[in-house]
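Please look over the sequence and the 3D structure shown here. The paragraphs below it go from the overall fold to single side chains.

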Amino acid sequence: MDYTVTEAFGVPVLSQKAKEALSGLPEIDEPYYHTVLEPVNLEGMSVEQDYFLMIIETQIDCVDEELSDFQKYLVDDPVRPDKAGNTVRSLI
């Protein structure tokens with residue numbers, strides 16, 4: 001498996017092969033630019049290649065709220081009241 005996400009917090013995990021495929025992108029190669037690939041220490045496990053946690057340091061909003069028509073979860077939303085406020089429910 002070259003790419004997966006952890007169950008806890010959804011942290012991306014990449015194999016050495018996946019890391020090399022991203023090599024050459026400024027977001028990956030320039031230290032402290034946007035992404036850090038931190039080596040994973042798998043104690044007591046035999047693996048054929050190294051694995052890395054992908055730590056994304058910069059987030060960019062992908063929805064321009066001023067130019068978009070969208071709905072947010074309401075405070076008393078019957079489906080996901082825990083996401084009330086800032087989380088976009090649907091783009092129209």
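What follows starts with the fold and ends with individual residues.

This is a predicted model, in which local features need pLDDT of at least 70 and side-chain atom pairs count only at pLDDT 80 or more, while totals for chains, interfaces and linings use all residues. Residues are numbered from 1 along each chain as its sequence is written, and side-chain values use heavy atoms, with hydrogens and water left out.

The protein has two helices and six strands, arranged along the sequence as β-β-α-α-β-β-β-β. Helices (H or I, at least four residues) and strands (E, at least two) are DSSP runs, numbered from the N terminus. Of the 92 residues, 15% are buried. Buried means under 20% relative accessible area, exposed means over 50%, and partly exposed lies in between (1.4 Å probe, protein chains only). The accessible surface comes to about 7600 Å², and carbon and sulfur atoms account for 52% of that area; accessible areas come from the Shrake-Rupley method with a 1.4 Å probe, and for residues only the protein chains shown count as cover. Among contacts (heavy atoms within 4.5 Å) between residues at least 6 apart in sequence, 29% join residues at least 24 apart.

Thr35 is part of strand 3. Thr35 counts as buried because its relative accessibility is 11%.

Leu42 sits in the loop between strand 3 (35–39) and strand 4 (51–56). With 31% relative accessibility, Leu42 is classed as partly exposed. Leu42 forms a nonpolar surface patch with Met45 and Val47, and together they have about 250 Å² of accessible area. Patches are made of residues with over 30% relative accessible area and no salt bridge; like charges are joined within 9 Å, and nonpolar side chains (Val, Leu, Ile, Met, Phe, Trp, Tyr) within 5 Å.

The structure holds one salt bridge, a term for a side-chain nitrogen of Lys or Arg within 4 Å of a carboxyl oxygen of Asp or Glu. Asp2 and Lys17 form this bridge, with their closest N and O atoms 3.9 Å apart. The pair links distant parts of the chain, since Asp2 is in the segment before strand 1 (3–5) and Lys17 is in helix 1 (residues 16–22), 15 residues apart. Asp2 is partly exposed at 29% relative accessibility, whereas Lys17 is exposed at 55%.

Finally, the charged end of Lys19 sits over the ring of Phe52, 4.5 Å from its centre. A charge sits over a ring if NZ of Lys or CZ of Arg is within 6 Å of the ring centre and within 35 degrees of the ring normal.
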